[in-house]
Number of protein chains: 2
Amino acid sequence: MRIEIICTGDEVLTGKITNTNFSYMAQKLEDVGLSVHWGTTVGDDRESLLAAFLLAGTRADAVIVNGGLGPTVDDLSQEIAAQAAGVELVLHQEWLTTMESFFTRRMRTMPPNNVKQAMLPATAEMIDNPIGTACGFALDIGKARFFFTPGVPRELRRMLEEQVIPRILARAGAPASIFLKRFHSYGLGESHVDQLLLGVEALDPDGGVKLGFRAHYPQLETKLTVRGTDMEDVHRKLAPVTDEVRKRLGNFIFAEDDKTLEGVTLAALAERNATLTVVETFTAGQIAARIAHLPGAEKVFRHGTVARHLDRLFGVPLPAELDQDTTEAVTKAARELTGASHALAVLIELDEGADRIDLGGTIWIGIATADQIEFRRSRILGGREWVRLGAVELALDCLRRFLQGLPVVERIDFEKT
Amino acid sequence: MRIEIICTGDEVLTGKITNTNFSYMAQKLEDVGLSVHWGTTVGDDRESLLAAFLLAGTRADAVIVNGGLGPTVDDLSQEIAAQAAGVELVLHQEWLTTMESFFTRRMRTMPPNNVKQAMLPATAEMIDNPIGTACGFALDIGKARFFFTPGVPRELRRMLEEQVIPRILARAGAPASIFLKRFHSYGLGESHVDQLLLGVEALDPDGGVKLGFRAHYPQLETKLTVRGTDMEDVHRKLAPVTDEVRKRLGNFIFAEDDKTLEGVTLAALAERNATLTVVETFTAGQIAARIAHLPGAEKVFRHGTVARHLDRLFGVPLPAELDQDTTEAVTKAARELTGASHALAVLIELDEGADRIDLGGTIWIGIATADQIEFRRSRILGGREWVRLGAVELALDCLRRFLQGLPVVERIDFEKT
């Protein structure tokens, strides 16, 4: 099955906005075992749109077109789709009614130019948009089935997942059920995890499980795409592989599926009615910024301190070079002075000199409760931003490990020792 | 002049990485008055690459190809370029020598597979890469001049700006000198600024100045692209327009060209040997995170406090509903307790209920020095993240205005009153 994507719009073509819709669509297709073969970007321009539709119609089996469904004069997708398919535009009465009630519910009258959004090519199948006025539609151009989707990211996402992908899968004759299982880990590089997981796919003898990765430093996402006749079949195939991935990656998995490191950490704190204070130096508030904005954090996040190169912190004098005793003393003092049940302190000594690819930082992490203290020292190289990103993640992961009763000190691939 | 861009690579085609190189290249071309007409994305696949090169060669005058110049087997750009142009690959001795000395300087021996990076199509003009082992090159395919560039963003940026764009401009017969003047503002929407600046282009009677915008909420970038026979001509044309833009946008311009809001604010503090303490609630450390990581901030950024829903802050009891007196008291106390010369406090009351498009927040901002206190109240609607982004920007801009002796309270387009 050959799939192409056509992204339309002057804002994308001129680079005014970065095209995140393309990577989103491509990844969603990969997640169900399909692949994009060709991507095209054109502006709001009749000649280019027509040429792009006709060309893709000679090459592809399925084409997803994104954008150009709005009510303004530069939204041309319906018009050019009709021209490319050699049919007329006709009023789709059902969508017009849907739009009118959309406006009525918001106590507004529908502006006349919105009628344009209900004009579809005569041969088109309308595709519902439950959250906007731009309906999608599907029709044949050349030898390909075209799927037209809105440019607004949240409308696109909903339509792609609920409407377009199932239609493409049906045309591809793919198995009825496809499931994506995801594991999020921190501390192991992609090639290392690839090597650790060697052979796990074979635990499903039917070959229905495919392993993949998405690396976004410092996190790694390990993906299992599973195809089966139905969801029961999918889960039967997945179970032995999932168990093995959990076993091999062990403590390094901090979350699965839609969960996040900061979410899991916050939940573990909330579960025990804990409160948290955070002390940061070089990470400049980024640890607090990851946790404190989450829904539910208001009960847990007690206090954050962002400091730089102070000679004392919470009454603890800081020596010229940090050490374990000082880190622990700062952590304990921060907890006591802010009255939180848990304290996390992350103090960083950055190397001297200009930013460069081998610039490093030494990271001193303390975690304190009323009766426990944990300490971890690490060293990360790779320039200012790399050190900062790594330190934020390492600190959150140490806290997650502490709360889950796992060892706080376990060697990671990104540190120098 | 018809320009196309071809982005290559499985990582881009599968959406594993978001294609920021495309928008970067398109914007850089727009900045010098050129436009991209068509974008193509293909994977590391011989058949697709050849088809993409040949197609673009029938349509365009100039084509920029990005990626595929690395040393590994899936880097195919040179090979397919030679095939599309109907010529052989030959060893480019000069680039081989450059690469070898690149490795020698790093005390390493060049791996044999890097030789591949010095194999160029026989008719190609080599384009220097001063910071990597992938040289670029230019050659004709069909009726177009093709420019091959590396996928690594910083190598692409340098090669595009220093080597590729001047060559394309020369082919376009464009004036010798082109200059981009940029103004960064906060508080006025794009259509409002467009209206305020009506007619400024005409202040250069030769029509050499073009006005444009790039909006990234909550900031707006106003761009003047100027063409002239030489830089003296450019500056002569630009001067009256620049003066008028500064006059019409006035206090709303916080920086020009490469400067940033946080950079300008930090510089104004550093200039008077000031120190800063920041208190944040709902913004969760994001104000500190904007300033405290900057080079030079270690002397200025004294202390940051991130708090949520406390009943007291720095000894000041917080009432059920915030007010001006409380905001000012917190600001003063924060300054005194942390010993900073300046304090910025940003306290936010978020509306109740689930996140939604009309969810709002009331923002209470205080700025204190030893002998001055400033206060600003604002209300922003648009959901949790929108309120947070807006509050961070508003607070930094209030501080910038205070430091520059401008009114801290001036109505902005994004607030409800």
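Which elements of chain A cover the buried residues of helix 6 of chain A? In this predicted model, the covering elements include helix 2 (20-31), strand 3 (62-66), strand 6 (125-127), strand 7 (136-141), strand 8 (144-149) and strand 9 (177-186) of chain A. The buried residues of helix 6 are A:E155, A:L156, A:M159, A:L160, A:V164, A:I165, A:I168 and A:L169. An α-helix has 3.6 residues a turn, so residues three or four places apart point the same way. Helix 6, which spans residues 153-171, is kinked by about 50°, and the kink is centred on A:L160, one of the buried residues of the helix. After helix 6 comes A:G173, with a positive phi near 65°.

Chain A as a whole contains 13 helices and 19 strands. Its C-alpha trace extends over about 80 × 55 × 45 Å along the principal axes. Of its 417 residues, 44% are classed as buried. When contacts in chain A between residues at least 6 apart in sequence are considered, 67% link residues at least 24 apart.

The pairing with strand 3 is parallel and comprises five bridges; here A:I64 lies opposite A:F147 of strand 8. The pairing with strand 7 is antiparallel and also comprises five bridges, with A:I141 opposite A:A144 of strand 8. Strands 7 and 8 form a hairpin in which two residues separate the strands. In the turn of this hairpin, A:G142 has a positive phi of about 60°. Strand 8 is largely enclosed by the rest of the structure, because five of its six residues are buried.

The interface between the two chains brings 43 residues of chain B into contact with 42 residues of chain A. On the chain B side, the elements contributing two or more residues are helix 2 (20-31), strand 2 (36-42), helix 10 (286-291) and strand 14 (301-307). Helix 2 of chain B makes the greatest contribution to this side, with eight residues. By class, the side of chain B that touches chain A consists of 17 nonpolar, 20 polar and six charged residues.

How values were computed:
Residues numbered from 1 in each chain as written. Chains lettered and ligands numbered in written order. Predicted model: local features only at pLDDT ≥ 70, side-chain atom pairs only at ≥ 80, totals over all residues. Helix = DSSP H or I, 4+ residues; strand = E, 2+ residues; numbered from the N terminus. Buried ≥ 20, exposed ≤ 12 C-beta atoms within 10 Å, placed from the backbone. Contact = placed C-beta atoms within 7 Å. Bend = angle between axes of the 7 residues up to and from the residue. Nonpolar A, V, L, I, M, F, W, Y, C, P; charged D, E, K, R; others polar. Pairing = 2+ DSSP bridges.
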